[in-house]
Amino acid sequence: MASAETDSKSLFSLESYHVSEEHGFILPEPLEELPPYYKPWMDIALRVPELVHSHELRSHVNKMPLLSSTFLQKHRELRLAHLALSMMTMGYIWQEGEKNTAEILPQNLAVPYWEVSQRLGLPPIITHADAVLANWKKKDPDGPFNMQNLELLVRLPGGESVRGFFLVTLLVELAGVPAVRSIPTVINGVRCSDTEAVARGLEIISKSIEDMTDALRLMQVYVDPSVFYGIMRIYLSGWKDNPCMPKGLIYEGVQTEPMEYSGGSAAQSSLLHCFDELLGVKHEPKSASFLIRMRDYMPPLHKKLIQDISLQPSLRNFVQQQDCKDLNKAFDLCVTKLLALRSYHINVVSRFITVPAARARQLREQNHDSDGEIISRAPTALEERGTGGSGIMSFLKTVRDQTKDTLLPEASKEVKHHS
Ligand code: HEM
């Protein structure tokens, strides 16, 4: 069919996916303020850490008026509203720790939160798209995009470590932008059998992934593992597969039955999902189902981009068919950099979760008077789990090993023809 032919030949571009040239998946210039009608939300959202600390957040939220979400019009208004309502919700549920979670989210919060979520196609819980992608501003608007010049819009408890955690993650996203921009180069190169363009695109992606790993190294500079483990983590936890909230959460005024949602996690970042689909990383069924479920926590157009990449002709097959040394090298370099990022990430998870978890267990076993130890305040239900709800280390190692299996087989590297 003529139209199908034209479709298959038309160039792949990022235009229709809400992905910006400069910022990738990051929301460009997030709004800092909502229309004045929403002042009651922002007044509380901006004080979440302080109100949680004084155990007053729930009573403030309970007294909040039920506002209509209809005066939110622009995409960026909806994103800021979702961010603010998410922060309030996480503070509300976890204010008293894992022992006294709220089972019902009151309707003055639940109803507008649900409506805003529906309009954005996001779940009614904090996501990476809120806490990281839409939660930043530059102190000096003309200044650089770096730690010194960045600030969060809304915070959770955890002081400077919260700032560090979300902003370093934002810098990892930023480092991935050149890779995102090169995805169409690679896809179109495969479509036109332009080996050089594919190799060039893959080289840019490799460098960008390496820069992501370097940005991730800043986590240990800006985030204190005991604060992360003992204070912050619970506020990112969800109500799916979480023993503290076995039934989930009732969103009052929305539905009488409780609903289950996973907590916020960078597993919801679209970057690695795109790379996996492009390079053809095949995950084991259990890891794959977790990762695919995480796509429901992304802005719908970002999820669509990942799906559309997965529908393209296989890059890995193309590389193997071309028998070109430079192309093989560029492909394997890309997989190697992704592998290195995942290995380093496992290292980070060990430092920020496994080690403090072992220390917390030890303190409990010794019946230690642990008032002074921040980590022993951590919820025990989360010990073996990620905030997204996964059994952490075995999952991450399986994902890493599957990445390794994507390297080209030795045989195909013994290239017969040079191009
Ligand atoms: C202190 C820092 C971090 C910790 C403790 C951490 C922890 C975790 C945990 C526990 C998981 C398992 C999934 C879950 O249940 O949520 C996970 C997955 C994941 N994290 Fe992180 N993470 C950190 C930073 C980051 C950053 C900055 C990124 C980059 C955007 C990132 C990207 C991912 C990805 C893509 C996955 C899914 C598994 C994969 O594709 O390899 N993480 N992380």
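At roughly what angle do the axes of helix α5 and helix α6 cross, and within what distance do they come?

Mentor: Happy to! One caution before we start: this is a predicted model, so local features need pLDDT of at least 70 and side-chain atom pairs pLDDT 80 or more, while totals for chains, interfaces and linings use all residues. Residue numbers run from 1 along each chain as its sequence is written.

Now your pair. Helix α5 covers residues 75-94 and helix α6 covers residues 107-120; their axes cross at roughly 135° and come within 10 Å. (Axes are lines fitted to C-alpha atoms, for helices over the stretch in contact, with angles from 0 to 180 degrees between N-to-C directions; helices are DSSP runs of H or I, at least four residues, numbered from the N terminus.) That angle makes α5 oblique to α6. (Under 35 degrees is roughly parallel, over 145 roughly antiparallel, 65 to 115 roughly perpendicular, and the rest oblique.)

Which residues make the contact? From α5 come Leu78, Arg79, Ala81, His82, Leu85, Met88, Thr89 and Tyr92. They meet Leu109, Pro112, Tyr113, Val116, Ser117, Arg119 and Leu120 in α6. (Contact means C-beta atoms, placed from the backbone, within 7 Å.)

For a contrast, turn to helix α10, residues 195-216. Helix α9 (residues 177-191) packs on α10 at an angle of about 160°, with the axes 8 Å apart. The two are therefore roughly antiparallel. Here Pro178, Ala179, Ser182, Thr185, Val186, Gly189 and Val190 in α9 face a set in α10 that includes Ala197, Val198, Gly201, Ile205 and Ser208.

Val168, Leu171, Val172 and Ala175 of α8 meet Ser208, Asp211, Met212, Ala215 and Leu216 of α10.

Next come some single residues. His345 sits in helix α17 and is buried, since 20 other C-beta atoms lie within 10 Å. (Buried is 20 or more such neighbours within 10 Å, exposed 12 or fewer, partly exposed in between, with C-beta atoms placed from the backbone.) Ile375 lies in the loop that joins α17 (325-365) to α18 (392-404), and with 22 C-beta neighbours inside 10 Å, Ile375 also counts as buried. Leaving out residues up to four places away in sequence, Ile375 touches Ser226, Tyr229, Gly230, Pro356, Arg359 and Ala360. Ser54 is 321 residues from Ile375 in sequence, and their C-alpha atoms are 20 Å apart.

Finally, check two backbone angles. Most residues other than glycine have a negative phi. Glu29, which is not a glycine, has a positive phi of about 40°. Glu29 belongs to the loop between α1 (2-9) and α2 (39-45), and with 13 C-beta neighbours inside 10 Å it counts as partly exposed. His55, again not a glycine, shows a positive phi of about 60°. His55 is in the loop between α3 (48-53) and α4 (57-63), and His55 is exposed, with 10 other C-beta atoms within 10 Å.

How values were computed: Contact = placed C-beta atoms within 7 Å.
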